[in-house]
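Keep the sequence and the 3D view open while you read.

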Amino acid sequence: MGASDLFAALAINPAVILSIGAALIALVPNAQAQLRRPLMLAVVAISAFQLTRLGLGTWGDLVIFGEPVTMLRIDPLARMFAVVFHIAAALLIIYGWHVRDRAQDFATLAYPAAALGGVTSGDLVTLFVWWEVAAITSVFLIWAPGTRSTFLSGMRYLMIQVFSGTLLLAGVVLTYRETGSLAFNEIGLTDETGAIKASGLAMFVAFGVKAAFPLLHNWVQDAYPKSTLTGTIVLSIFTTKLAVASLARGFAAEPALIYIGAVMTIFPIFFALIENDLRKVLCYSINNQVGFMVCAIGFGTINGAAGYAFGNIIFEGLLMMALGAAVFRTGTSMATELGGLYRTMPLTMGLCIVGALSISAFPGTLGFVAKGLIIDAAAESHNLWIWLVLLFASAGVLEHAGIKIPFFTFFAHDSGKRPQEAPTHMLIAMGLAAFLCIFFGVQPQYLYALMPEPEALADYHSYTPYHVIEQLQLLVWATIAFGVLKVMKWYPAEIPSTNLDTDWFYRIPGRGLLFWAVDATKAVWSIAWEGMRVRFNDAMARIYAVHGPEGQLARAWPIGFMALSVAATLALALVFALAV
Amino acid sequence: MIIADQLPVLPIITPLALAPFTLLMPNGRAAHLWAMAVTGLSFLFCAMLLAQVAEVGVISYQLGDWAPPLGIEYRVDLANALVMLLISGVAALVAPFSYESIRTEIDDRQLPMFYTAFQICMLGLLGVVVTGDAFNVFVFLEISSLSTYALVALGGRLDRRALTASYNYLVMGTLGATFFVIGLGLIYQATGTLNMADIRAQLEGSPSNSMVEASFAFIVVGMGLKAAAFPMHLWMPNAYTYAPSAVSAFIAAASTKAAVYVLIRFTFTVFGTDFEFIQAMMTYILTTVALAGMFFGSLVAVFQSSVKRMLAYSSVGQIGYMLLGLSFGTEAGVQASLIHLFNHGLMKAALFMSVACVMLRLGVHDCAGFHGLTKRMPFTAAAFIFAGLSLIGVPLTVGFVSKWYLLQAAFEVGRAWAGFLIVASSLIAVVYVGRVVELILLRAPPEEGPLSADVNGEPVREAPLSMLIPMWLLVAANVYFGLRTDVTAGLAGRAASALVGGGQ
């Protein structure tokens, strides 16, 4: 194969188009910074056009150093994620229209590009490359505020993401050794005999870190809220959804995912209920929402997982944008310092409530359509406990995301703040997201048309009386519970506090252990380094002695020596020519 | 059509007939314009020739209608058409480029002589490549070499060391040519013919004998010397360093390439790889020489203080890549070798041209002249950086295409270790190019001292357009052929299959 095939394969890839666009936009000088956002929108439009033009299929089937790879595969699963990534990227660019920061502008395009490249990769090597690019481009968003705490947080984030990438690489190598192929298809955690495969496990944990499985989740709450207003929203969308798409492709119907997902849906709720920082509440909500998707993958309903990811990106994004608008105007995201903003920000309030209804799966919204598939699959699996857990978690979503966010931001006690309405570009982005929430809620067939397994949806209907009544009961009772808790003053009051998550264990006792390990490593390293340094210097001195300007190889030799070297070569050549 | 029939001979006959008139030109300007016209015409004919060969296949042209093997035959296939295009193309770009630069480096009275020698040199190199007659190769080789010695010696006005460099080159070049002609004598004894195709026909199927074996050894060493293969490169760094800047740009891009081409031609279509001793020579001698050149050449380049000298040593390494591709003995290897031969001509010419621009304004080719070049000569600096990236092998440049095919060829013959060594030696290229790029981009231009102003004591200006345009055409070619890889790779692939497989 030739290099031209490689370039051709790269040139048609929407993810590459976005990446190149990001690089070019980073070159726009700061004096013309206002040009960047319109250009970014144009790049997204070009990439979206390319995506529709390509349709379904595979491209870039190349043989690189003897191994077949597929650099671009758009099947229905990849397409669903690709479509929603484009929608999200466009909305976020509009939402951040006021941003004039080179690093953020670059990352807002390059990082979605990497996630897009990941979901559309047809082989494991391509996946690995995009996996790492996503880690590296996204860290710019965490570093964007430029303080020491965000820097450290970004480094921690990067460490964990690179750890995930390393595990993935190990998994790729092991898979290649087992199967002799680099194709990215069903991986599976166990082999035919039921024993756990090392390759499967490495990939599973690699995906799990990015999907923020329980106990691997702390980086989300650590890093995401520290980014800028718009940065947090960008971050919240892509990394975890890339992991969901990869899990759906590699580990569909893996029973372990049901339980992992169930735990993921439950535990963040408690943290979210007592958390005072509303941005952190939404970050916990990411875990909970991804939990539903992981559960759906475990049940084997890829439609449910992909559909919920699609919906979640839009309505969770809407909630985050609405909260972000409030923070943009007031400068705080603490529940204790917000409240009563509905007086001066009525439009934002209204849009926030659309998002809240949607995330709570209120009939007539995107959330209802998307979540129905998962709850249905849970019921059909005849696993009562899991079904109950998911119902409870759904109620919990209503509590912390559906009610807590709008209530404490726009109502609750009057904070006395009278900020302006959100800026127009934010209203446009939120309005579009809200429109999509309702549009897909009312016309679910358009969502179904994108689903990876349309045949499974043949006789499925969202709006059966059973589904609607079940969901309404849930919503009514959960709302009543909130009311009762509030009236009885049992609801956790807004207290300015810092809540400890499980990461306390590795931050405090773990830190001691870590520092001991660091000191030990440092000691060993300094001994080794000293030895290596001496060796290296010796080697360099020897290279310099031979190759340096006065060295034997670089000197201007007398002509006799030149002739001698030629004669020696001739002698050698004659020996080989005549002796063989 | 009459022109189409005579096309193989036109690139040779045009300079042969017209170059001597350059001596009669009244001044340097007229000689320069004359040389531009002649080299331009040659380039045009070479391009037409390549187009024709690509369409109809091998063209055999009988000089004076004497049929080979008695008469001299010009035999053009894609391999030599491609090399001819490179040689005449670089000459056609160096001719307009040279005037401003050479005027400051040699005596005005010598300008007509310089342009005569320049055209003769190009003529000789084209002749070496075009001919299908083994002895004719020697004749043209001497024509080009003699004029090159004169061209290098012209640098003597600026730096007397050019005279010893030229003298050493003369001795060594003669030695190489002698070895080559001894090789030819032996093969003539063995086969009784000097026509390449006829030698091949005589050798085919016959058992090997020590005359043939010795002949090949002499030819490889003689041409290896002309190609500056390690360890026979010792004449080359000084010749490139002290020759006038424009001369360096031309001979670095063209003259060693002709020698590499002859090596490929003799190995595959004159002797043929069925001989066991040729396999052994390729495996043991050529591979060793190639690898040693790749590393020693590149490592020495790292420590040079003169940028011209650094580029010269880098050429030793780059010749190593070409010989490595050749030593694989496969179609893919020869294809990679031909691609790199063409591409390296493009990048080295651009690099030496940017050094010539610095030389014109600052009068030095030391690293010191490159400090903060972006602020003083932004276009020259950018050209150096682009061509340097190409030399390293960064994607979207021709250098990447070369390395790509070379790696593929290495993996194809199962020499993965050679692939790793290619990458490792490319990393050394990152160091020696990066070192100069760092000076260009990050250092401030000198505030005081002789380098704070140009040679006339005025603020440093960008090089004149007559130099910038040819240089940037080459940089553009570096990028264009890096993107349109099908052009070079496709032609080189077809040429290689003809050379190695024997069929077109």
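L50(B) touches A81(B), L82(B) and L85(B), leaving out residues up to four places away in sequence; touching, or being in contact, means that two C-beta atoms, placed from the backbone, lie within 7 Å. You'll find L50(B) in helix α3 (residues 28–56) of chain B. Helices here are DSSP runs of H or I with at least four residues, numbered from the N terminus.

Before going on, note that this is a predicted model, where local features need pLDDT of at least 70, side-chain atom pairs count only at pLDDT 80 or more, and totals for chains, interfaces and linings use all residues. Residues are numbered from 1 along each chain as its sequence is written, while chains are lettered from A and ligands numbered from 1 in the order in which they are written.

N30(A), in the loop between α2 (14–26) and α3 (36–54) of chain A, is exposed, with 9 other C-beta atoms within 10 Å. The cut-offs are 20 or more for buried, 12 or fewer for exposed, and in between for partly exposed.

Both residues also have a partner from elsewhere in their chain:

| Pair | Apart in sequence | C-alpha to C-alpha |
|---|---|---|
| L50(B) and L491(B) | 441 residues | 9.7 Å |
| N30(A) and D101(A) | 71 residues | 8.1 Å |

Now for the inside. A nonpolar core is a set of buried Ala, Val, Leu, Ile, Met, Phe, Trp, Tyr and Cys residues joined through C-beta atoms within 7 Å. The largest one has 219 residues, and L82(B), I87(B), M281(B) and A350(B) touch the most other members. Helix α14 (residues 331–362) of chain B supplies the largest share, 21 residues. A second, separate core of 173 residues includes L18(A), A107(A), I286(A) and I359(A).

And where do the chains meet? Their contact takes 38 residues from chain B and 29 residues from chain A. On the chain B side, α12(B) gives the most, with 9 residues.

Last, a helix pair in chain A: α5 (residues 102–119) and α10 (residues 229–250) pack at an angle of about 10 degrees, with their axes 9 Å apart. The axes are lines fitted to C-alpha atoms over the stretch in contact, and angles run from 0 to 180 degrees between N-to-C directions. α5(A) and α10(A) are therefore roughly parallel, a label for angles under 35 degrees.

Notes: Helix = DSSP H or I, 4+ residues; strand = E, 2+ residues; numbered from the N terminus. Parallel < 35°, antiparallel > 145°, perpendicular 65-115°, else oblique.
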